[in-house]
Amino acid sequence: LDRLVTLLNAPLVTTVSGQGSLADHHPLNCGVVGSNGGIDATRDVVAQADLVFFIGCRVGSTSTEHWKVPSRQVSLIHLDVDASTVAANYRTDVPLVGDARLSLHALNEALSEHLRHHPREQAANGLAIAEQARARKWAAFAPLAASLDQPIKPERVVDALNRLLPANSILVADPGTPCPYFSAYFHNSTVPGRHFITNRAHGALGYAMSAGVGAWFGRPESTVVAVMGDGSFAFTCGELETIVRRQVPLKMIVFSNTVFGWIKASQKVGYQERYFSVDFGRTEHAKVAEAFGVKSWRVQDPAQLDAAIKDALAHPGPAAAVLGELEHRRRDGKAALAARHRGDALALPDRVGQLLVVMLLEGRLVIERVELRGPAVHVQINDALRLRCKMGEASETGMHARASKRWCGAETRGQPL
């Protein structure tokens, strides 16, 4: 692949799983393209091309932003070992079926001979295109990476790891929110190879911790970092016992933000902010890791991030840096409800509004509507359930309500939600 793009002076972009086919620092490598890790700069590289060569790529919806980039008018070559994949999603001018390495070797031989007699004097300068794309990418990235805002921005974490990790380290990212940030901006390898690992297509949360263990056993001379959200940490934190018992020097970055962020983002866009089971309570993840014997750091101040990562990397055993606030920020329950349900939510007593929004955030309710009717609050949950609550029945420990037979088919009085 390196020889092919060098012969053609052609810029290269990769899918998420194609990262490592060229080294991150290769002058023709523009970065990741698609809706999970792609950015405007890499999208424009593909959009301006008059010929696109897919190599070992299924050309799925994520890689092509739902088959919009490249356009269907551009000329295409598609090489894959699976004949059913070639030309499955795009009209293809030159379909090629074969092993990628063997096919590229044969193609390079033919190209070398052709270019000796037909030099590409009028072709676009791929090195200049790639350099411009990278410059745009890092210019947009820089102010976010330098931000001292709290909570800590993911770009600042990626930047710290880019600067502090040894070259050719291995980073394993969970397929949720860490994946797009690290696939777009993690820039560490000086040689090709599998240095960034994620199971994005499978979407299995909890992958990074266990996969990081496997990566270290496969390449024990390398520094291995697993990046995950707090939801993913909860899926597999029992493996910390194995990590400590086997003394796997895995370094873990945990974003503690009390939410399945990627799922919530999709609910925001696709379901008009009708959130369900994506918010959860705060856990002291550093204390959980310490209870297993993992050296841990809590980081809230972005200015302290570098020091914590340096300490974790210097520690000889497993280590975890937990990023995020340690306490829930207080929320105005009425305002939080009013932002989505408007109207009568603003008239709720503070305690009622706060209790409702807590249950909403914990995923216990999907509230459609809140109304005041005399001395009672009526909460429309969904098409199957409506709750009625007297103002005086709100308590510190929960809200008691009576569910109507009309809506749930059974009478339950004074039951805590």
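The following legends describe close-up views of a predicted model. In this predicted model, local features require pLDDT of at least 70 and side-chain atom pairs count only at pLDDT 80 or more, whereas totals for chains, interfaces and linings use all residues. Residues are numbered from 1 along each chain as its sequence is written, and side-chain values use heavy atoms, with hydrogens and water left out.

**View 1. Confidence along the chain.** The mean pLDDT (the predictor's confidence in each residue, from 0 to 100) is 83, and 78% of the residues reach 70 or more. Residues 327–349 have pLDDT below 50, and this stretch has 47 contacts (heavy atoms within 4.5 Å) beyond near neighbours in sequence. Over residues 391–417 pLDDT also stays under 50, with 65 contacts in the model beyond four places in sequence.

**View 2. The open sheet E3-E4-E5.** Helices (H or I, at least four residues) and strands (E, at least two) are DSSP runs, numbered from the N terminus. Three strands in the order E3-E4-E5 form an open sheet with parallel pairing (at least two DSSP bridges between two strands). Strands E3 (51–55) and E5 (94–97) are at the edges with a single partner strand each, so one side of each has no neighbour in the sheet. The twist from one strand to the next averages 10 degrees. Strand E4 (residues 75–80) is joined to E5 by 4 bridges, and histidine 78 has proline 95 of E5 as its bridge partner. Helix H3 (residues 100–117) packs on the sheet and touches E3 and E4; its direction makes about 140 degrees with that of E3. Axes are lines fitted to C-alpha atoms, for helices over the stretch in contact, and angles run from 0 to 180 degrees between N-to-C directions.

View 3. E11 runs parallel to E9, with 5 bridges, and valine 254 stands opposite valine 322. Strand E10 (residues 295–299) is likewise joined to E11 by 5 bridges, in parallel; valine 299 partners leucine 323.
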